[in-house]
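Biologist: Thanks for joining me! Could you walk me through this model, starting with how its sheet is put together?

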Amino acid sequence: MTEALILEKINKSFAHGPTVVKAVDDVSLAFHENEFFTLLGPSGCGKTTLLRLIAGLESADGGGRIILFGQDIAALPAHKRPVNTVFQNYALFPHLTVAENIGFGLKMRGRDKNTIAGAVGEALRLVRMEALSDRKPAQLSGGQQQRVALARALVNHPQILLLDESLSALDHKLRKEMQVELKRLQRDTGITFIFVTHDQDEALSMSDRVAVMDKGKVVQLGTPHDIYDRPATRFVADFIGTCNFVKPAALGLGAGQEVGFRPEDVFFIKPDTTAAASASGTILQINYRGVVTHYILRLESGDIVTVSEDEPLHLKENEPVRVAISPERLIRCAG
């Protein structure tokens, strides 16, 4: 598989008064050609700083390499790197039309009118905005403005497209729609997309691979399936989706290190049933979420856990229950 971008031992520190914070800590990563790759983590984990280092908007501390299709671009200024970035704030020019916004970069590069018109038309078709080419940004919805920002980035045919929390300003429904559109655009263009988000659902639904970051480091790299089902650390298990954590004794498994399990991997059993990993408890709360219902339980051990069911069951709050988990679905991870 061809590597579009390789990062080798990238570091970046910032001084805050007498304190030095290492925002990116010795990160090495390879991004495949024609891949939707997500940098995922909580605020302050270093994901946006890493994206800015790729874009050339920040300079790495000495020694690391940023290799784009075989060329080390670490010393190149941002405007000479064949990458484009879409930010949270779309930064559209309010006085220009959609078509003029998209073609602005080409105009600044001295392209002729026919070349610009052809490229803008292609970009408009790509983001399905042909009918709105003469509108101003103020006449567009948030999702439409997002599409214009994407078209403006794609019209230059970048080798890498960087997206920094670019869906965060959209409402929930529109955000879901744009996730589908982004994935389609990546497949249609064949460009490697590197997407930054703190939203786990977004990362899992859109990505070919995910790098989970914490405190400047990549703590796990893998497919969404790997990250969710086989978290390498407690941090990853807790950050990705919902995870219950209990001592093994709470499930009748004896002594040992804490184990985790997903809410959908717990199931109710009859009170007199025994199972390899099981516990009794009481229902504290029932939360109906449409496609799933969450049952919040207090186990006899005192642990509070969540059970997820596809359909509402005939259970009530304060009702005693018994649950079990398939042993192979238990998560045992370091840290």
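Modeller: Happy to! Strands here are DSSP runs of E with at least two residues, helices are runs of H or I with at least four residues, and both are numbered from the N terminus. Two strands pair if DSSP finds at least two bridges between them. This is a predicted model, where local features need pLDDT of at least 70, side-chain atom pairs count only at pLDDT 80 or more, and totals for chains, interfaces and linings use all residues. Residues are numbered from 1 along each chain as its sequence is written, and side-chain values use heavy atoms, without hydrogens and water.

Biologist: What is the order of the strands in the open sheet?

Modeller: The sheet has 6 strands with mixed pairing. Its edge strands, each pairing on one side only, are β6 (83-86) and β10 (217-222). The order is β6-β7-β8-β3-β9-β10.

Biologist: Which residue of β7 stands opposite N84?

Modeller: Strands β6 and β7 (residues 160-164) run parallel and are joined by 4 bridges. Opposite N84 stands L161.

Biologist: At about what angle does helix α4 run to β6?

Modeller: Axes are lines fitted to C-alpha atoms, for helices over the stretch in contact (heavy atoms within 4.5 Å). Angles between N-to-C directions go from 0 to 180 degrees. Helix α4 (residues 142-154) lies across β6, β7 and β8 (192-197), and its angle to β6 is about 170°.

Biologist: Is C45 buried or exposed?

Modeller: Buried means under 20% relative accessible area, exposed over 50%, and partly exposed in between (1.4 Å probe, protein chains only). C45 has 2% relative accessibility, so C45 is buried.
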